[in-house]
Amino acid sequence: MKKAFGNILFLLLCIVLFAVVAFAAGRASLLRTLAESRAGYTVEWNESVGMIYADNDVDLERQVGYDLYVPAENGDHSDTLILYLHGGGFTSGDKADSDAQMLCKYYTAKGYVCASVNYPLQKDGKSTNINLIMDEILTQVCSIQQEAAQLGYPITQMAATGDSAGGGLALLYAYRGAETSPIPVKLVFAMTGPVTFDPEKWGLTTPEDQADFISRFSGITVTVDELGSEKVQQLLKAISPAMQVTADSVPTVVAYGTKDKIVPVNLKYDLLDALDANDVDYTYIEFPNSGHAMAFDPDKTQEYLDTVADYMEKYFGGIEQ
């Protein structure tokens with residue numbers, strides 16, 4: 001009996017050990033894959049490349065602030081701002097996240113001024129909405145322009161970029177905010193950004209859920225009886241990048257994964273159709289093996305970077321490949 005019990009215990013220990021090893025191996029494999037997918041962004045960063053001025057205009061109550069990256073030399077591209085907006089589903093993320101630092105260092109190393117900003121999130125008992133976020137981003141762009149000028153980098157043009165929630169905000173800033181932006185927006189490039197907040201396209205079927213969804217993202221209360229009204233249509237337009245596209249919208253580069261489980265994969269067609277209908281110069285890059293993290297198509301990541309470089313060359317003076 002003792003021998004049988006010992007055998008069972010040994011078997012259980014082997015199973016646990018196998019599970020631990022398999023988990024560790026799987027995590028290591030995922031980390032390697034993520035690193036490979038972002039290898040194109042790699043730069044050797046030091047003070048001969050650029051400087052980071054962190055934690056500017058931080059206001060913890062408003063959940064805002066920005067990190068400013070400036071190139072070591074004031075060259076051909078240092079009049080251009082690359083504005084990065086982090087992801088996180090409007091509930092998490094930070095201006096100093098690894099993706100933010102990676103992208104900002106990459107473009108600063110090529111001579112551009114970059115800034116990564118924080119914006120109000122739904123966390124720690126605080127509420128947010130897209131209209132509030134857009135107002136705060138606009139305020140910070142004004143501050144970024146002033147701070148960059150004081151450091152000797154007068155900004156005359158910009159691109160907006162981001163991933164996930166930040167990608168959607170970048171698109172919205174470029175389309176809706178272009179007229180009010182203190183810095184002229186010449187280009188937007190984004191990954192996995194939500195382009196519409198039509199609740200039906202997010203799979204919400206009950207009137208109660210639809211009204212709540214629009215209310216939360218717009219910051220304005222919508223009742224069930226108001227669904228389908230002109231008021232709701234205008235609220236949706238104000239927060240949905242695809243509904244802001246016009247013939248004057250800026251050139252656009254977007255990328256989406258076909259296996260995304262976070263942002264519904266068909267949402268992108270609202271944007272692509274609107275860009276087509278308005279004859280806007282754009283490129284769509286599909287990541288066939290990737291989900292929301294865009295981690296399993298390193299060749300497509302490089303294609304995305306190369307395409308953005310081409311657009312930069314065409315619309316505001318180029319980028320060293």
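I checked the length of helix 5 (residues 207–218) first: at 1.5 Å a residue its 12 residues should span 16 Å, and its end C-alpha atoms are 16 Å apart, which agrees. I took helices as DSSP runs of H or I of at least four residues and strands as runs of E of at least two, numbered from the N terminus. The expected span is 1.5 Å times one less than the number of residues.

The model is predicted: local features need pLDDT of at least 70, side-chain atom pairs count only at pLDDT 80 or more, and totals for chains, interfaces and linings use all residues. Residues are numbered from 1 along each chain as its sequence is written, and side-chain values use heavy atoms, leaving out hydrogens and water.

Just after helix 5, I noted a positive phi of about 80° at Gly219.

Next I looked up the nonpolar cores, sets of buried Ala, Val, Leu, Ile, Met, Phe, Trp, Tyr and Cys residues joined through side-chain atoms within 4.5 Å. The largest has 58 residues, and Leu83 and Leu271 have the most contacts inside it. Helix 4 (residues 165–176) gives this core its largest share, eight residues. A second, separate core of 26 residues includes Tyr69, Tyr84, Leu103 and Cys114.

Finally, I turned to helix 2, whose buried residues are Ala100, Leu103, Cys104, Tyr106, Tyr107 and Thr108. Just after helix 2, Gly111 takes a positive phi of about 105°.

Definitions and conventions. Buried < 20%, exposed > 50% of the residue type's maximum accessible area, 1.4 Å probe, protein only.
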